[in-house]
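Could you walk me through this model in the viewer, one selection at a time? I'd like to know what to click next and what I will find there.

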Amino acid sequence: MLLDFIKRNKNFLFVDEYCDENISGAGTYRPEFERMIYDCKIGKLDIVLCKSQSRFSRDIEIVEKYINNKFKEWKIRFISLADNIDTEKNETTKTRQINALVNEWYLEDVSNNIKSALKIKMKQGELISPFAPYGFKKNKNILEIDKEASKVVKNIYNLFLSGYNYTSIANYLNNKNIPSPSLYKYQKKIKLNIVSNKPREEILWNNNTIKTILNNEIYIGNLIQGKRTTISYKNHKTVSKDKNNWIRKENTHPKIINKETFMKVQNIINKKKKNNIRTRNNHILSGKIFCYKCKNIMRKKSTKNNTYLTCINAEKNKCNNRNSINYEILKSILLNNINNLVKEFFDEELLINKINNYVIERKKEIEKNLIEKQNNYKEINIYIKNIYEDKINKILSEEDFNNLLNIYNNEKNIYKEEIEKLNKKIKNIDINNFIPYKHREIKELDAEIINSFIDKIEIDNINNGERNIIITWNI
Ligand SMILES: [Zn+2]
């Protein structure tokens, strides 16, 4: 259609064709599109011709950026045949913007429809991924055991149960020249995710491949899908979903590992996790404290009555920075330093002045309110006196009088309460109770404060345990 159009226009010259096959107009990975934009930029083209604007891009931002902006700058004429757009004719700007908007709506709908259709399939236990997990092969939408790879999976489970950890299993398999899952798929010409462009021959077994295999219920015949979702139809980054929202279906395909073996493995993994949490050197200064002499990280240690940081190398006699530093003392030194730094940047006197002015204004405001309420209170007393007189003079009936008196007494009580509240407020107005003033100084350190202020802290010992603390600020 496009070539025909060029033929019919005598002054058009065909330069090049740009076509991203099988990639939709919404994708961000469009190498041919990028090439076309580049050719526009360097002046190779002066007309971009396409079937419809949605083939150019369904993203309104990209339409705006190029067709309505850059193309004008680069003097590129944009023509799309199906929706009758030609930037040489000025009146079509609005059409273009409307088309772009409609295309976005269309995409949003399609994206939602696909998501819900996939969810139904997952609930029925149908494998929606186009790729079979390692150990299986895909026959249409059914998983079958891949004999060769499933042997390796069994071996991994057995090695783990006999005491190998993730790393040693990976090393073992690499030494035996057993191809890693991605290399295996590559060798067998099994369909791979096209986006990954790493040279597959080089990929070896590693911690993560082993961990994934040991944690995946797919090997006991269960299918768990919908672990991740894309952020939106525009942003193709995936995010993890909460475990409760995963879609799980049992016994959807033949198993490679029996349930008992799988559970034993899970128990070992969980125990390891717990131990890791207990021994991990985690504190608010983690990763920030270094030995000045050997530049190595200093580790937090505890005895019965002392918590301190010490150079790991010094313990191994590889560094002569032998003095440890007390953890609490170091924290208080850092707190002081941070507060001093903050003080350098604001004028305390000016701050107090400002706050005092604010407090005075606030007090005036409340006092004004108080006087108003007190006047209201007095006024009601006059009303009450008036209705008394009216009752005596028989202008008001006994019943009307009682009703009015009730109403006035209620109002009186409300004002009384408000007056008490305002009096309390006035008493409490004080610079020291003023929230911004109260928090002008950091009282306690936490990891966030440490991270935002400090790049690193180096500890040196000069002599006789006298320490030099070198702080590298982030500011
Ligand atoms: Zn050291």
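This is a predicted model: local features need pLDDT of at least 70, side-chain atom pairs count only at pLDDT 80 or more; totals for chains, interfaces and linings use all residues.

**Stop 1: helix α6.** Select residues 147–161, which make up α6. This helix has 15 residues and reaches 22 Å from its first C-alpha to its last, close to the 21 Å expected at 1.5 Å a residue. Now colour A149, S150, V152, V153, I156, Y157 and F160, the buried residues of α6. Look down the helix axis: these buried residues fall within an arc of 155 degrees, so they line one face of the helix. On the other side of α6, pick out K147 and L161, which are exposed. Before moving on, click G163 just after the helix, where phi is positive at about 105 degrees.

**Stop 2: helix α13.** Next, select residues 348–392 for α13, a helix of 45 residues. From first C-alpha to last, α13 reaches 66 Å, close to the 66 Å expected at 1.5 Å a residue. Following α13 comes K394, and its phi is also worth a look: it is positive, near 65 degrees.

**Stop 3: K412.** Now go to helix α14, residues 398–428, and find K412 within it. Leaving aside residues up to four places away in sequence, show Y377 and I380, which K412 touches. Finally, draw a C-alpha to C-alpha distance from K412 to N381: the two are 31 residues apart in sequence and 8.2 Å apart in space.

Note on methods. Residues are numbered from 1 along each chain as its sequence is written. Helices (H or I, at least four residues) and strands (E, at least two) are DSSP runs, numbered from the N terminus. Two residues are in contact if their C-beta atoms, placed from the backbone, lie within 7 Å. The expected span of a helix is 1.5 Å times one less than its number of residues. A residue is buried if 20 or more other C-beta atoms lie within 10 Å of its own, exposed if 12 or fewer, and partly exposed in between; C-beta atoms are placed from the backbone. The arc is that of the directions from the helix axis to the C-beta atoms.
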